[in-house]
Amino acid sequence: YKMVKKRILKPEKMYLKVQIQWSGSGQIDTNLRMFKSIALFAVRSLYGEVGIFSEIEAVELLNGPEHIAIFRCDIRHYRELWSALSLTSSYDGNQCRIDVLHASPFLLSHSCGIPSSSPDPWKQFMKDAPLKGTN
């Protein structure tokens, strides 16, 4: 009986699907360059000039009017990018909210997510969940 040695491949990159929502009356047109600029601003704001020692790339822009993009970064630093984006509340004098919708080491998995036209899963959960102390 021959022993077979298995090799485990560990992903090196992580992909984050990110949505930005601008508050106020005027909508801001976002493109890949602006998304990357916002990400770098968020990282510098939270971690200083040193940042996260990793290259951040804005890979693809999805659903233009809904302001969704996919970022790629080193898998060892995606948590820092995620937290920096989530804690950002303004950019260039405009109030905003940045949500990380999905994180995966596989780019293809982002195309199989929840359609943007479906209701927010958290809002649906809160609507369906009974409150404690009520019958």
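Colleague: Is S104 buried or exposed?
Modeller: This is a predicted model. S104 sits in strand β5. Its relative accessible area is 7%. Buried means under 20%, so S104 counts as buried.

Colleague: Which backbone nitrogen lies 3.1 Å from a polar atom of the S104 side chain?
Modeller: S104 belongs to strand β5, which covers residues 94-104. A polar atom of the S104 side chain has a backbone nitrogen 3.1 Å away. That nitrogen belongs to F106.

Colleague: Which side chain does D99 join in a polar contact?
Modeller: D99 is also placed in strand β5. The contact runs between two side chains, at 3.1 Å. The partner of D99 is R97.

Colleague: How are α1 and α2 oriented to each other?
Modeller: Helix α1 spans residues 32-47 and helix α2 residues 78-86. Their axes lie 8 Å apart, at an angle of about 95 degrees. Angles of 65 to 115 degrees count as roughly perpendicular. The two helices are therefore roughly perpendicular.

Colleague: How many nonpolar residues does the contact of α1 with α2 have?
Modeller: From α1 come A39, A42, V43, L46 and Y47. They meet E80, L81, S83, A84 and L85 of α2. By class, 1 residue is polar and 1 is charged. The nonpolar count is 8.

Key: Residues are numbered from 1 along each chain as its sequence is written. This is a predicted model: local features need pLDDT of at least 70, side-chain atom pairs count only at pLDDT 80 or more; totals for chains, interfaces and linings use all residues. Side-chain values use heavy atoms; hydrogens and water are left out. Axes are lines fitted to C-alpha atoms, for helices over the stretch in contact, and angles run from 0 to 180 degrees between N-to-C directions. Helices (H or I, at least four residues) and strands (E, at least two) are DSSP runs, numbered from the N terminus. Angles under 35 degrees count as roughly parallel, over 145 as roughly antiparallel, 65 to 115 as roughly perpendicular and the rest as oblique. Contact means heavy atoms within 4.5 Å. Ala, Val, Leu, Ile, Met, Phe, Trp, Tyr, Cys and Pro count as nonpolar, Asp, Glu, Lys and Arg as charged, and the others, Gly among them, as polar. A polar contact is a pair of N or O atoms within 3.5 Å; within protein, one must be able to donate a hydrogen and the other to accept it, and residues adjacent in sequence count only if both atoms are side-chain atoms. Buried means under 20% relative accessible area, exposed over 50%, partly exposed in between (1.4 Å probe, protein chains only).
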